[in-house]
Amino acid sequence: MPNHPVAMFEYHIWASRTIMERIQELPASVLHAEVGSSFPTIAHALSHMYAVDRMFYQVLQGKEMPEALQECMALNQTTLTSIDEYITRFAVLTDQYQQWLQSGIDLEQSLLLNNPYVGPRQTRLAEIVLHVVNHGTYHRGNISTMLRQLGHASVMNDYLLFWYQESASSI
C-alpha cells in the first residue's frame, strides 16, 4: 500500500510542474503581468509557493519554524526573471524532498512546530507534508485564475487527473 503523504507529494510535484509548463507555453510577459488578484503577478505567486515549500523543507530537516521562516522570507519577496528559472528552482527543491521522503523517515513521528503566527503545536511530519501539498493546490488555483484574467486558458492540474494518469501508466 502506498504511503498517502508521499503519494500526495508526488501529486504536488506533478501539478506544480504542469502549471509551470503551461506558463512556459505562453508569452514570457505573462509571468510579470500585473493582475488584480491574490498576488500582483504570477511570478509573485510562484515565489510565495517556493518560499513556503522551502521553509517547510527546512522544518522537516529539523530547523525551528521561526528561523526557517526568517531565512525564507526574502524568497517570498523576490521574483525570478523567467519561468525556466522557477522550473529549475522547484526541481532542485523537489529532488531534496524526494531524497528525504525516500530516506525511510517515519512520517508519523511528531515534532513541536512553533508557528510564530498561531503558536506551538505537536505535529506529525506527515501533516507538514500534506500541508505543503494543500498550500500548493490553493495557490495553483490562484495562478489558474490569474491566467484567465490575463486572457489565457489554464491547464487541468487537479488530483483527479493525476490519479487517472497514474492509474493508466500502471496498466
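Let's start at Gly104, which is exposed, with a relative accessible area of 64%. By exposed I mean over 50% relative accessible area, by buried under 20%, and by partly exposed anything in between, using a 1.4 Å probe and protein chains only. Gly104 sits in the loop between α4 (83-101) and β1.

A word on what we're looking at. This is a predicted model, so to speak of local features we need pLDDT of at least 70, and side-chain atom pairs count only at pLDDT 80 or more, while totals for chains, interfaces and linings use all residues. Residues are numbered from 1 along each chain as its sequence is written, and side-chain values use heavy atoms, with hydrogens and water left out. The helices (H or I, at least four residues) and strands (E, at least two) are DSSP runs, numbered from the N terminus.

Now to the loop between α1 and α2, where we find His32. At 34% relative accessibility, His32 counts as partly exposed. Which residues does His32 touch, not counting residues up to four places away in sequence? They are Thr41, Ala43, Thr79, Leu80 and Thr81, where contact means heavy atoms within 4.5 Å. The side chain of His32 also reaches the backbone oxygen of Thr81 at 3.3 Å. That is a polar contact, meaning a pair of N or O atoms within 3.5 Å; within protein, one must be able to donate a hydrogen and the other to accept it, and residues adjacent in sequence count only if both atoms are side-chain atoms. Looking back along the chain, Trp14 is 18 residues from His32, and their C-alpha atoms are separated by 23 Å.

Next, the helices. α2 has 19 residues and reaches 27 Å from its first C-alpha to its last, close to the 27 Å expected at 1.5 Å a residue. The expected span here is 1.5 Å times one less than the number of residues. Of those 19 residues, 18 are buried, so α2 is largely enclosed by the rest of the structure. Just after α2 comes Gly62, with a positive phi of about 110 degrees.

Helix α3 (residues 65-77) has 13 residues and spans 18 Å between its first and last C-alpha, close to the 18 Å expected. Where is the kink in α3 centred? On Glu71, and the kink is about 35 degrees; the bend at a residue is the angle between axes fitted to the seven residues ending there and the seven starting there. Met65, Ala68, Leu69 and Cys72 are buried in α3, and the buried residues of this helix pack against α2 (42-60) and β1 (110-115).

That brings us to the largest pocket, with a volume of about 310 Å³. Of the 18 residues lining the largest pocket, Met55, Phe56, Met65, Leu69 and Tyr117 are the closest to its centre. The elements giving two or more residues to that lining are α2, α3, β1 and α5. For the record, a pocket is an open set of points on a 1 Å grid over the protein atoms alone, where a 1.4 Å probe fits, with protein on both sides within 12 Å along at least five of seven lines; lining residues have an atom within 4 Å of a point. Grid points are joined across faces, edges and corners, and the volume is the space filled by probe spheres set on the points.

On to α5 (residues 125-149), the helix that holds His139. Is His139 buried or exposed? Buried, with a relative accessible area of 6%. Its side chain makes a polar contact with the side chain of His48, at 3.4 Å. Leaving aside neighbours within four places in sequence, His139 is in contact with Phe39, His48 and Met49.

Thr137 is also found in helix α5, and at 34% relative accessibility it counts as partly exposed. The side chains of Thr137 and Arg140 make a polar contact of 3.0 Å.

Ser16 is buried, with a relative accessible area of 5%. Beyond residues up to four places away in sequence, Ser16 touches Met49 and Arg140.

Last stop: Leu161, in helix α6 (residues 159-169). Leu161 counts as partly exposed, at 24% relative accessibility. The C-alpha atoms of Leu161 and Ala15 are separated by 9.5 Å, although the two are 146 residues apart along the chain.
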